[in-house]
Amino acid sequence: MSQPGTTAPAGPDSVRDEAEIRRVAGASLLGSVVEWYDFFLYGTMAALVFNSQFFPTFDPLVGTMIAFATFAAGFVTRPLGGFIFGHFGDRVGRKKMLVLTMLIMGLSTFAMGLLPTYASIGVWAPMLLLVLRMLQGIGLGGEWGGAVLLCVEHAPDNRRGWFSSWPQLGVPIGLLTSTLAVTAVTQLPEEAFQSWGWRVPFLVSIVLVAVGLVIRLKIDEPPAFKEIEEADATAALPLVEVFRKYPKVTLLAMGARVSESVTFNIYNAFLVTYTVTVLGLAASVVLDALLVASVVGFVAILVAGRLSDRFGRRPVFATGAGLALVSAVPIFALVNTENAVLITLGVVVGWGLAACIMFGPEGAMFAEVFPTRVRYSGMSAVYQIGVIPTGAVAPLIGTSLVSAWSGSVWPVAVYVMAMAAISLVSVFFLPETHRRDLRDASAYDATRAPELTGAGSPR
C-alpha cells in the first residue's frame, strides 16, 4: 500500500487499494441512503399525515406543530446515539457500530408503518410514534460519524474530501427516494392515502436495510483505527477527552454546522407545511421541487467534496454558508409567488446548492480536526450536539414564526440568515485541515498533537 501523501504506482496493489476504497465508499453510501430515507420520510409525513392520524384533536397548524415536535425528538436523541456509538466506535471499531445503527434505524422505521393510529388506541398512538422517532434519532446519531469515518480513514490523503462526500450523497438520494415514495402514494385517493397508503413507504424500507447489512458486513476496519488498536492507543473515555483537550475546535465546528442544519430542514420539512397549510398549494408542488433539488444536490456534494481536496475545506464550506445568507430573502420571495417553477428555483438554490455545498466537505472537515483515537466521538459530538438548537427545532421554529406573524414568512428568512452568519464566523476561526496526514503517529497520539486544538498553523 502506498504511503500517505504519495502517488501509488499503477500496479496490482494500487488496483486492490482503489477497489477497496470504492467498496467501502459504496457501502457507506448505501447505509447512509437507508438512514436518510427513513429520517426524511418522517419529516414529510409529519407535515402530510401525522397531524391528522396521530394528533387529530388539534387544528391543522397546531397539530402540525406538535407533529414537528416529535420530529425534533429524533434530533434530541441523536447526540445519545453519537455518544454511545462514538464511544464504542473509538474503543472497538467503526464497522461493528455501523451494523447496529442500521438495524436500529431500519427496524424503527418499519415499525412506524405498522403503528395503530389515534382513532384505534388513543393517546398510545402518538406516544409509540414518539418512542420510534427517538430510536430513529439514536440510530442516525451513531450512523453518520461512522459512515464518514470509514471513507476518510480508508481514502488516500489527497482524496479524503472526494470519498467522504460519497456517504453525504445519502442525503439527496434519501430525500429523492423518500419524496418519490411519498409522491407515489399521494396519487392514491385521499381516503386510501390517509388510511393505509402512507404506511407503504415505511414498510418497504426494510428491503434497503437487508441489502445494506449484507454489504456492510463485508468491509474491513480502516487502517488508521487498526494502527491505534495495535499500538494500544485507544482512548478510555473518548468523549471526555474530546471536550477536555479539544474544546475550542469542537465548539467552532459546532458553530460551523448550524447553517447547514437549519438550511436543510427549513427548505425540506418546514417548506412542505408552509406551502400546503399557509399558501394552500398542492403537496406535489413542493415535493416536485425537492425532487429537482435532490438531483442538483447530488452533483453539488460531489463537486464540493472534490474541490475541498484542492482548495481546502474552509473556503468551499464558506461558499455554501455565504449562499445561504444572501439567498434566504429571494428564496422566500420566489415561494410566495405560488408559481411552481419559481418555487422549484428557490428550493434548488437553498437546498440543492447552499446546503449541499456545505454538506460536501463537511464530513472530512469535522473528521480531520480530531485525532484517530477520539475521531468517531469528536465528529459525532460536533454533528449531533450542534443540531439540537438548530436543525432539531428548525421546522418547529419556522412554523411558530409564521403563526406568530400572521402567516408572514419573512421572520423565517431572517432566522436562516442569522444561522448562516454564525457558521461563517465559526469557519473563519477553524484551522484548515485538508493537508493533514491522519495516519501520522502524532495524529493518534493526543499528547503529541497540539496543533489539533486549532492553535498554530495547519499542516
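The model is a predicted one, so local features need pLDDT of at least 70 and side-chain atom pairs count only at pLDDT 80 or more, while totals for chains, interfaces and linings use all residues. Residues are numbered from 1 along each chain as its sequence is written, and side-chain values use heavy atoms, with hydrogens and water left out.

The protein comes out with 20 helices and 0 strands (DSSP runs numbered from the N terminus, H or I of at least four residues for helices, E of at least two for strands). Of its 459 residues, 60% count as buried, where buried means under 20% relative accessible area, exposed over 50% and partly exposed in between, with a 1.4 Å probe and protein chains only. Among contacts (heavy atoms within 4.5 Å) with a separation of 6 or more, 85% come from residues 24 or more positions apart.

On the inside, the largest nonpolar core has 119 residues, and M45, F50, I266, F332, W351 and F366 touch the most other members. A core here is a set of buried Ala, Val, Leu, Ile, Met, Phe, Trp, Tyr and Cys residues joined through side-chain atoms within 4.5 Å.

Turning to helix packing, the axes of α14 (residues 283-311) and α15 (residues 313-336) come within 7 Å and cross at roughly 140°. Axes are lines fitted to C-alpha atoms, for helices over the stretch in contact, and angles run from 0 to 180 degrees between N-to-C directions. That makes α14 oblique to α15; angles under 35 degrees count as roughly parallel, over 145 as roughly antiparallel, 65 to 115 as roughly perpendicular and the rest as oblique. A304, L307, S308, D309 and F311 of α14 meet R313, P315 and V316 of α15.

As for rings, the structure holds 11 aromatic pairs (Phe, Tyr and six-membered Trp rings with centres within 6.5 Å; planes under 30 degrees apart are stacked, over 60 edge-to-face, the rest tilted). One of them, W162 with W166, is edge-to-face at 6.2 Å centre to centre and 80° between the planes. Both sit in helix α7 (residues 160-168), 4 residues apart, about one turn of the helix. W162 is partly exposed at 23% relative accessible area, whereas W166 is buried at 15%. W198 and F202 also pair edge-to-face, at 6.0 Å and 80°, and both are buried. Finally, W36, F264, W351 and F359 form one aromatic cluster.
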